[in-house]
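This report describes one protein chain, from its overall make-up down to single residues.

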Amino acid sequence: MNKLFSASLALLLGWSGTALAQNEEDALRYTRLGLQGSARIQGIGGAQTALGADISTISVNPAGLGMFRRSEANLSLGFTNNSTNSLFAGRNTPDNRSTINIPQAGVVFSNRKDDNESGDWRGSTFGISMSRINNFNNRSSYNGTVQPPNTIVDYFAEQAILNGRTEADLDNEYDRGITSLEGLAYGAFLINFEDIYGNTVLDANPLFSEGDIDQIEELERRGSQNQIDLAFGTSFRDKVYLGASIGIVSSKFTQERIFRESGYFIERLRKIDEETDEIVSDGTYNLELRDEFTTEGAGVNLKIGVIVRPIDALRFGLSIQTPTAYTLNETYTRSLYSTIDTDFGKDNYSAVELPGEFSYNLTTPFRANGGVAVFLGKYGFITADAEFVDYSNMRFSEDEDGGGFGSYFSGVNSRINDTYKSAMNYRIGAEGRYEVFRLRAGYAISESPYKNSSFDAKINTFTLGAGVRLQNYYADIAYARSNGNSRYSPYTFDNGEGSPIIDQENEQSNVMFTVGLNF
């Protein structure tokens, strides 16, 4: 596997003495957004750039506010199920997690002129909306085997070597409080700096495992990204609609992992003058690595948009969103437990890292949306969107207090630029009308953000919906099903080779209800 791509797949277990877990995959998590909008909008695949007159359009194209003729309020309730099927070493492991949420809500206040009033500007509308733009709730697990020297114990030793660690400074770290992954491994007696006679060796030595080594990992993620938009829209001659909004994004992501490894090991004494090794001792080992981190913060962006209606049956829409500037704070804890069983007895060890906290900034890319909607008289409409996002423009940076991590972020930003590319997201949907009843269907595709990929990383979404529109009330229901593939690695060796790679099939099903009223 390409070294660069292998590194981009990793959500590393270890931090180098700080909370520096931020990597290219973390940036993508906050940038690749999910399907959003009311049940009406989700029923048509999220295609709303040119549609207008729906509260949901505030979060994509605020020009849609200019089409409101009355004030309106709505509220949505959603039921989401995320399922993951993990394939590792020929074994499939399915998992799922379900949540109930409020994915959308909003209110608009319209101040429109009567049709018999003169003037080119036909009125103005102010709106507030809340949209869930990402759902992080997910559970996954896998189990399988690896062969030495590709175990996590080998990875612990490599980290000690790469970071120039010595027995003396790891002893000092153990005494004052563990702050690194290699410190945990040293405290749990999984790496050492002496042979069996107490002679110092040059490098950190892991346990010399042999044969198939069992690995099991359980991973649970929780949280979401939610955006509140304050927007204004207006209409010029009911032909050109303009709007702008300020978006305030709140984000919280929590990840808990338990990684276990077990197998058979031997200790050898290499005889310099002979080609054979002498087995000094053998036995079994078990380890359990637990870690948890929570990242939360907020960001801000600006959106401007326009919708043009040259004739009643045709609308064109365009919107631009500035990069979202986040300030994020991360807290983390980690512990490692081991059991080593030999003919000399069974020993249990444990090591706990000092809790940590770290603040940093993330800027996500500029986004541009274009859309068209064709209305078929009283029978409904067809609408389509195209969105441009350049994922290679994601950037980490230090917060105002600094901390001396500029060089670390420079390396991560360089990998982001080398790993990701620009991509297009497409959405298309249709609504059929019969008296007060509505039927809807849609499809959306999010292109892969990776430059070099050995698997298809696009996300496909299929949607269906229905609704009832009365004079002052409406109710809608939608079903959306998204599926895509991803890869995951619990740790990545420096040369990009030998790391365990887990192929994952991800599916999200969402049922959503929206009720609203006009006033």
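## Basis of the report

Two strands are said to pair if DSSP finds at least two bridges between them. Helices (H or I, at least four residues) and strands (E, at least two) are themselves DSSP runs, numbered from the N terminus.

The model is predicted: local features need pLDDT of at least 70, side-chain atom pairs count only at pLDDT 80 or more, and totals for chains, interfaces and linings use all residues. Residues are numbered from 1 along each chain as its sequence is written, and side-chain values use heavy atoms, with hydrogens and water left out.

## Overall make-up

The protein chain contains 7 helices and 22 strands. Of its 519 residues, 52% count as buried. Here buried means under 20% relative accessible area, exposed over 50%, and partly exposed in between (1.4 Å probe, protein chains only).

A contact means heavy atoms within 4.5 Å. Among contacts in the protein chain with a separation of 6 or more, 73% are between residues 24 or more positions apart. The chain exposes about 22,300 Å², and carbon and sulfur atoms supply 54% of this area. Accessible areas come from the Shrake-Rupley method with a 1.4 Å probe; for residues, only the protein chains shown count as cover.

## Strand S1 and its partners

Strand S1 covers residues 72-88. S1 runs antiparallel to S22, and 16 bridges join the two; in this pairing Ala73 stands opposite Leu517. S1 also pairs in the antiparallel sense with strand S2 (residues 91-101), over 11 bridges, where Ser83 stands opposite Asn96. A further antiparallel pairing, over 4 bridges, links S1 to strand S3 (residues 104-112). There Glu72 has Val108 as its bridge partner.

S1 and S2 form a hairpin with 2 residues between the strands, and Ala89 takes a positive phi near 55° in it.

## Strand S12 and its partners

Strand S12 (residues 325-342) is joined to strand S14 (residues 356-363) by 8 bridges, and the two run antiparallel. Thr331 has Glu357 of S14 as its bridge partner. S12 also pairs with strand S13 (residues 345-352) in the antiparallel sense, over 8 bridges, with Asn348 as the bridge partner of Thr339. The hairpin of S12 and S13 has 2 residues between the strands.

## The second largest pocket

The second largest pocket holds about 780 Å³ of space. Its lining has 32 residues, of which Arg40, Ala53, Met67, Arg433 and Arg469 are the closest to its centre. On a 1 Å grid over the protein atoms alone, a pocket is an open set of points where a 1.4 Å probe fits, with protein on both sides within 12 Å along at least five of seven lines; lining residues have an atom within 4 Å of a point. Grid points are joined across faces, edges and corners, and the volume is the space filled by probe spheres set on the points.

By class, the lining has 10 nonpolar, 7 polar and 15 charged residues. Ala, Val, Leu, Ile, Met, Phe, Trp, Tyr, Cys and Pro count as nonpolar, Asp, Glu, Lys and Arg as charged, and the others, Gly among them, as polar. S1, strand S18 (422-434), strand S21 (473-488) and strand S22 (502-518) each supply at least two lining residues. S21 gives the most, with 3 residues.

Gly233 is in strand S8 (residues 208-236) and counts as buried because its relative accessibility is 0%. Its contacts, not counting residues up to four places away in sequence, include Pro62, Gly123 and Leu242. The C-alpha atoms of Gly233 and Val306 are separated by 9.4 Å, with the residues 73 apart along the chain.

Ala160 belongs to helix H4 (residues 152-162) and is also buried, with a relative accessible area of 0%. Not counting residues up to four places away in sequence, Ala160 touches Arg165, Glu182, Ile191 and Ala204. The C-alpha atoms of Ala160 and Glu182 are separated by 5.5 Å.

## Backbone exceptions

Most residues other than glycine have a negative phi, and most peptide bonds are trans. The peptide bond from Pro148 to Pro149 is cis, with omega near 5°; Pro149 lies in the loop between strand S5 (138-146) and H4.

Asp238 has a positive phi of about 55° and lies in the loop between S8 and strand S9 (240-270). At 16% relative accessibility, Asp238 counts as buried. Glu435 also has a positive phi, near 55°, and its place is in the loop between S18 and strand S19 (437-446). Glu435 counts as exposed, at 62% relative accessibility.
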